[in-house]
Amino acid sequence: MKLNIYSILFFAISAMFFSCTDNNDAGNYGRLSVQLTDAPFPHDLVAEANVTIFKVDARYKGSVELGTNALDSTEVTISKEKGKPFVVLMEKEVEVNLLELTNGVTTTLVDTNVPAGSYDLIRVYVKGINVVLTDGTTFNLDVPSGSQTGIKVFIRPELMVNGGLSSNLLLDFDVSRSFVQKSGGFNFKPVIKASNLSTAGTLMGTLTAVEQDMVVGIEGAQVAVFVADTLNTSTFSDVDGGYMLMGLEAGSYQVEVEKEGYIMQTVEEVQINAANKTVQDFELVQEE
């Protein structure tokens, strides 16, 4: 009987010990997801804008001491540059046609455990950049330092990853500003914006018009979002008239819709709430 009691006490104490150890380790780590999307542009001649991403890392500014036994128990690759630690988030080749990532379509680059704390910079390493026209002509573009030092994307405000919880970061790869058309081809000047999806919101809706007594979706209309008369971002409606803009910081915006042959429409003070979707539909009217 005594043996049974001691055995029970032993297993109970052991269970408490391992539970405390697991909780401590969990408190040092959170889950980070990084998604990629594209701010689209209308270009009838371009069929593909291709990028191969082969590495993503982030600058760590948290309070957890990297390199402790608790952190070493999880597979996290850490490098230090000028005394500042960078956590490797992903190291594999991902080929992406950016023109497919529009109006709410995203692809996940990273979904991994990372040390809890704040991150203020993410670097995206790219290669294999090319533009394919609709006639099949392909332009291979040079990568300005993106393959060696990575494309630096600052996260403002800093992204906080809490222990035991998940955080989501959106990278918006602006094709219209990244692939600059020139005589005889294109230049690659990458422009990427980072948004914390836990503090940012989404604007979405449908653009329609009445044609021949039928309500139809309007494709190719520009939806532009302004803050204090300054353009924040824009998109274009799809074949069904739908549009979606992700990664907008919470606040009030002015939204303009414009398409040739239709009267431009403006809506003031469209409210975007953190981690929520705001629906704003438009009914366009043809010009006389």
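In this briefing, Ala, Val, Leu, Ile, Met, Phe, Trp, Tyr, Cys and Pro count as nonpolar, Asp, Glu, Lys and Arg as charged, and the others, Gly among them, as polar. The structure is a predicted model.

**Second largest pocket**

- The lining of the second largest pocket is made up of 12 residues.
- Nearest the centre of this pocket lie Ala39, Asp174, Arg177, Asn232 and Thr233.
- Two or more lining residues come from each of β10 (166-174), α3 (175-178), β13 (192-196) and β17 (230-236).
- Strand β17 provides the largest share of the pocket lining, with 3 residues.
- By residue class, the pocket lining comprises 4 nonpolar, 4 polar and 4 charged residues.

**Cavities**

- The whole structure contains 2 cavities of 30 Å³ or more.
- The largest cavity is lined by 16 residues.
- Asp38, Asp172, Met244, Leu245 and Met246 are the lining residues that lie nearest the centre of the largest cavity.
- The elements contributing two or more residues to the lining of this cavity are β1 (29-39), β10, β17 and β18 (242-249).
- The cavity lining divides into 6 nonpolar, 7 polar and 3 charged residues.

**Elements that line both spaces**

- Strand β10 gives two or more residues to the lining of the second largest pocket and two or more to that of the largest cavity.
- Strand β17 likewise gives two or more residues to the pocket lining and two or more to the cavity lining.

Note on methods: Residues numbered from 1 in each chain as written. Predicted model: local features only at pLDDT ≥ 70, side-chain atom pairs only at ≥ 80, totals over all residues. Heavy atoms only, no water. 1 Å grid on protein atoms, 1.4 Å probe; cavity = no way out; pocket = protein on both sides within 12 Å on 5 of 7 lines; lining within 4 Å. Helix = DSSP H or I, 4+ residues; strand = E, 2+ residues; numbered from the N terminus. Points joined across faces, edges and corners; volume = space filled by probe spheres on them.
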